[in-house]
Each structure stands twice: as structure tokens, then as C-alpha cells.
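Hi there,

Here is the structure I promised to pass on. Have a look at it first, and my notes follow below.

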Amino acid sequence: MREICISGGEPTTNDDLLEILFKLKKFPYVQPIILTNGRHFCDIEFAKKIVEMSPYNMVYAIPLYSSVSYIHDKIVGVNGAFEETIRGIYNLTKFRVPVEIRIVLMKQTIFSLTELANYIGWNLPMTVHVAFMGMEVQGRADENQKLVWIEPSEYMNELSFAITVLNNRNINISIYNLPLCLLP
């Protein structure tokens, strides 16, 4: 399968995004994915316009850091970001487009993974996929390594519990950026 990933910064703030999405429609054999914080999709008209211009098979991958709004907001550095992200996810799924939730495994949130999995199971069951992302220490993560980094071997139980919760809800799950030898 051929894939194209659109990322950024935040790609939904790029003035050329609509043109890029429209051009991607000419390549139906390509599986496009857009990595976005999802916040701009809280505007239903914006969501509609993007979905109309996007290829039919576009996947929207949106990170969710916590089921607790103020923790999510603190991690992304924007008050109200959690509410905008959740509304954005709901708006996208109103148009029946696939939304993937990405969970970055970090020190601040690792011990509340089960609560986040329960939140997703109860409130976002329409998502097509949940990806648990092992931390890639670069950019701001590198600058804040003591705050965000936790050894993967320290959270395998929490990861297993969260996966069990989502698996029991029949939500597709993947694990990225973790050594296979650590996974139970």
C-alpha cells in the first residue's frame, strides 16, 4: 500500500491545505493520513469543507493525552484544547470519516492510561483505531526529557490494562515505537 502522511506543525493552519487535499483525490490508490491536533475541526463548517476537499479514504490521526481536560490542556499548552479536540473528533465522525486516536506514552499520563482507554471506549467508540506511541525524544520532548520520559519497561502493566479495555470494546489497536521484547 502506498501512503502519504500530511503533518506540520499543525497542517490545518496551512493556507495550501485545501489545494493539497484536492490534488490527492487524483490518486485513489494512495492511503493519505493527516496528523492533526483536531482543534480546528470543532468548527463544523471548517470540518465540512476539509472533508469535502479530502480524498474519500483520508484518515485523521489526532492525539489525546488524557481523559482529564486540564491535564491534556497543560501538556499541549492551550487552555480549552481538550474540549476543542473532542468536539473536532465528533464533527469529523459526523461526516463518517475515519479518526484514529494517538496516545503518546509519557511520564505525566502513563499511570492514567486505563482511565483514558475507558474514556475512549465510552465517549469515542466511533474511532477506527487507537495507536499507542512510544515516546520519540526529539524537539520539545528532548528539551523536557526529565518531565516526559519514562522507561517503557516501567509501564508495561498499565499499557496492557489499557489495551485490554479497548480490545474488550472491539476497537482496533496498534503499538508503535516500542521494542517487541518488552511487550507481554
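Residues are numbered from 1 along each chain as its sequence is written, and side-chain values use heavy atoms, with hydrogens and water left out.

The pLDDT (the predictor's confidence in each residue, from 0 to 100) has a mean of 92 over the protein chain, and 96% of its residues reach 70 or more. Confidence is highest in helix α4, at 98, and lowest in helix α6 (residues 140–143), at a mean of 61. Where pLDDT is low, the predicted coordinates should not be read in detail.

Now the sheet. Helices (H or I, at least four residues) and strands (E, at least two) are DSSP runs, numbered from the N terminus, and two strands pair if DSSP finds at least two bridges between them. Six strands form an open sheet in the order β1-β2-β3-β4-β5-β6, with parallel pairing. Its edge strands, β1 (2–6) and β6 (173–176), each pair on one side only. Strand β5 (residues 129–134) pairs with β6 over four bridges, and Met-133 has Tyr-176 of β6 as its bridge partner.

Back to the pocket (an open set of points on a 1 Å grid over the protein atoms alone, where a 1.4 Å probe fits, with protein on both sides within 12 Å along at least five of seven lines; lining residues have an atom within 4 Å of a point). The lining is made up of Glu-3, Cys-5, Gln-31, Pro-32, Ile-33, Leu-35, Val-59 and Arg-102. Strand β2 gives the largest share, four residues.

Best wishes

How values were computed:
This is a predicted model: local features need pLDDT of at least 70, side-chain atom pairs count only at pLDDT 80 or more; totals for chains, interfaces and linings use all residues.
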